[in-house]
Amino acid sequence: MSKQQKNKFKNRAIIALFITCFLGFGAGAFGLVNVGIVNGEKYKLKAESQQLSDTTVSALRGTIYDANMNVLAQSADAWKIWINPSKMKDDETRQDIATELAAILDLDFEEVLEKCHKEDRAYVLIKSQVEYEDKEAVLKFRSEHKGYNQIIGTEDDVKRYYPFGSFASSVLGFTGSGDVGLSGLEYYYNDTLTGTTGRIITAKNAKQVKMSSEYSAYFAAKTGLNLQLTIDQVMQYYLDSALQSAVEVNDASYGYGIIMDVETGAILAMSTKPDFDCNDPYTVNSVALTEIAEQFTDEEGNITDEEGRVQAIGDARNAQWRNRTITDSYEPGSVFKCVTAAAGLEEGVVTTGEMFNCTGSYEVADRTYHCSHRAGHGVEDFTTAMMNSCNPIFIEVAQRLGKTTFYKYFEAFGFAEPTGIDLPAESKPAANVTYHTLDRLTSVAMASTSFGQTFQASPIQIITAINAIANDGKLMQPYIVGAMLDSDGNKVFETTPTVKRQVISKDTANTLNIMMERVVSGGTAKNAYVPGYRVAGKTGTSQKLTVGENIYVASFCGFAPADNPKISVLIAIDEPKAGSFTGGSVAGPVAAEVIENCMKYLNVEPQYTDDELARLDQKVAKVTGSTVVMAQKELESTGFTVKVIGKGNEVVKQFPQAGKTLAKNGVVVLYTEDMDPTLVTVPDLTGLSVADANNVAISSGLNIKRVGYTKGANIASYRQSVESGTDVQMGTVVTVYFRTEIKEED
Amino acid sequence: MAYNRTEAVDMRRMQSSAAPARRNIPNTRPRTAPKPQVLQKTKRQLRAEEFRSTKKATKALIVCSIFFFLIALQIYSQVQVDELDRQLDSINQQIEVVESENTRLNMELDSIISLDKVDDYAQNVLGMVKVENYQVSYIDLSGGDAITQSGGKIQRSLWETIKMYF
């Protein structure tokens, strides 16, 4: 081989080597660039998913407490049950699974079977928020059948518990899928209650088992903040139960009420009836369902209009979720006279002793306004005008104030702005829609406004305004969340009571306070009278002209004790249809019940007058063991009626037992032999005067406990604690509720 | 077998003790293979050698055993860690379930003893009545606590004592 050939060969070898190296390393480099840069993210994710376990740690939603740290809403882990219909091979499997799941999860079999027939789907949710026991039953069923592992599955979920069901439901609201607040406080404070989701990133071994903690990173979930409400469970219960009874007795569409702390503006109770169960918010309440059934079902029980029925159920569902104390507005009626009076007294255009003459009507421009008492109240002072709820006098006061000054107080008391309470969907006053602005406040409009007509206000606006009178003229910012707490119970935020403004002077507030107390003690709000306590307030009756001719809202707003106000109370009964419709007749007794219970609960000492003391019930003495003659003598000396059962000489048993309280001529049954109690049937005790109800009860061998207004004329019972026709032990005490009929639209 | 024989050959004896001959000096003597000398080792020497080789083998075995033991220990500990991790995971899940159950049962308990149910049971089953206002005695504590001290003997001067008689 020549030298030239050798060089040529050498060069070719070098080129071949270079090409080989270039191709080899080039391919390697290309691969690196491709894996590392071009598709780097993709491979990174693949590697991470293969080697790392990324678990989401869901943060529990914060708990809602009442003012005394009683739990009102709390979340806990739950599960979703799902099926994979595409893996179900035959109808037998579908039948088996549908039967068992429907039985375990308390579902409709047909609905579950229908889901099982969705063969084209790989995931169909059967039920969410399933509790542990049911989930375990489903897993047990799954494990007992070969192949069901791929058909039935579970997923983590969260369930929100409301231990008291419908308790303050319109305030608390409810949560939906994923524990997200959809209504009420749950919605308004959703961001606060919702925590921050945590993560655990752990390396996995070849068997996909998580490796030890040294290969993991933990980002703790942050539990949402807890809310401590200003709502007091006990006062809420008093308000709820009183409103529920009022709605039933008066056959009303709705009843709503608020109790407010006078000094701070904190909401102690807030209720709308009928309401819903927070644990089951989509189920329409029975009252609405009955109405819908009547409306859309013929005599044979067939549905006449299915579409209309479904629409009505949807509307009823939305209606029951509404917190009407803040979302609805109505004409406040005569309750607003307190504001007109406050403006008049503060501006000095009227005094409490000033005499007026009510002729029954008052002319403003071309309009004639009538007093609720058409014949007129005659000569009366301003306080009496307030007690009589005399429209012409308040029109006169408004005319004296003039538009500008009148509107200044209208605005100052908060009727032209929302209160700003921390609840969703508060109704906003719409200028010249729900109220007259100053530039459009004609003399006629002002005259109507002066006694609470031609404008609308929400219950929360009204109670906030009346509360200012109780609170020495200071208008407070209402609020319902008192504090926010972290998971360790530390307060991270506390609401400070806020005085919005001083709307009237302390002196004017005190003067008005006395006037309002007179309204309760002898005016249209007599039914709100509570023996032993000084209650101040004003009733209102307003017509819902947009709904119908004789449709009313009966209301009462006041506070107690008048000499040192602790709580303000608003009661509104919407569309009462049982006969009475005035605020004094319908809302007054409810207010009395609520105020009496709250005063006892707040340990406010009653101060009885001599008259009240004379009417108090008496304690039954212990007479068992005495001779019949001695027992009779002792009991009759204290005013009780005695009935002896048996032929023995010695009392072996007495009913009511010693220590119980009875009206002065109440019945005490003495048994002289050991025998079964004698039963009597409870008569109908409604629609009777106090004396008549007592006589009927005694003649039946029963006792009555009188509740409500029992002084003066036109008193009649309207409710009894034990239904007529019920068999009870002779001597049983039946609570009978009395009220006086206030026929004038107050 | 030849391997089992005890004769030994001393190879040194096969080598010439004289200095190696220079290459340019031809070796005229015919090559004859020297006769190997067989050395007989004592039993003691053989035992010592056997002991040494056994010792070496034992050492190697021990080192290997330790090595394999450590590897096995490492594997075992890893298995244990994995098992404990699995148990920990399982226990954590159980704790979550138990906490949820605790919440659920508390909620159920609260619902059973709600105010309306207690009220209903007390009045309609137990026949209890609500307390009347006049059955409650109110004590005014607004004045705060008061302490009454017994007075000691008053020391009076002679003049004060005389004044007291007038």
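In which sense do strand β29 (residues 715–720) and β31 of chain A pair, and over how many bridges? The model is predicted, so that local features need pLDDT of at least 70 and side-chain atom pairs count only at pLDDT 80 or more, whereas totals for chains, interfaces and linings use all residues. Residues are numbered from 1 along each chain as its sequence is written, and chains are lettered from A and ligands numbered from 1 in the order in which they are written.

Strands β29(A) and β31(A) pair in the antiparallel sense over 5 bridges, where pairing requires that DSSP find at least two bridges between two strands, and strands (E, at least two residues) and helices (H or I, at least four) are DSSP runs numbered from the N terminus. Within this pairing, Gln720(A) stands opposite Val736(A) of β31(A). Strand β28 (residues 703–708) of chain A, in contrast, runs parallel to β31(A), to which 6 bridges join it, and Gly708(A) stands opposite Phe738(A). Strand β31(A), spanning residues 733–740, is mostly covered, with 7 of its 8 residues buried (20 or more other C-beta atoms within 10 Å of a residue's own, with C-beta atoms placed from the backbone).

Chain A is divided into domain 1 (3–55), domain 2 (60–194), domain 3 (327–611) and domain 4 (615–740), with bounds from an automatic or database domain assignment. The contact between domains 3 and 4 of chain A takes 8 residues from domain 3 and 7 residues from domain 4, two residues being in contact if their C-beta atoms, placed from the backbone, lie within 7 Å. Helix α20 (residues 583–601) of chain A contributes the largest share of the domain 3 side, 4 residues.

Terms used
A residue is buried if 20 or more other C-beta atoms lie within 10 Å of its own, exposed if 12 or fewer, and partly exposed in between; C-beta atoms are placed from the backbone.
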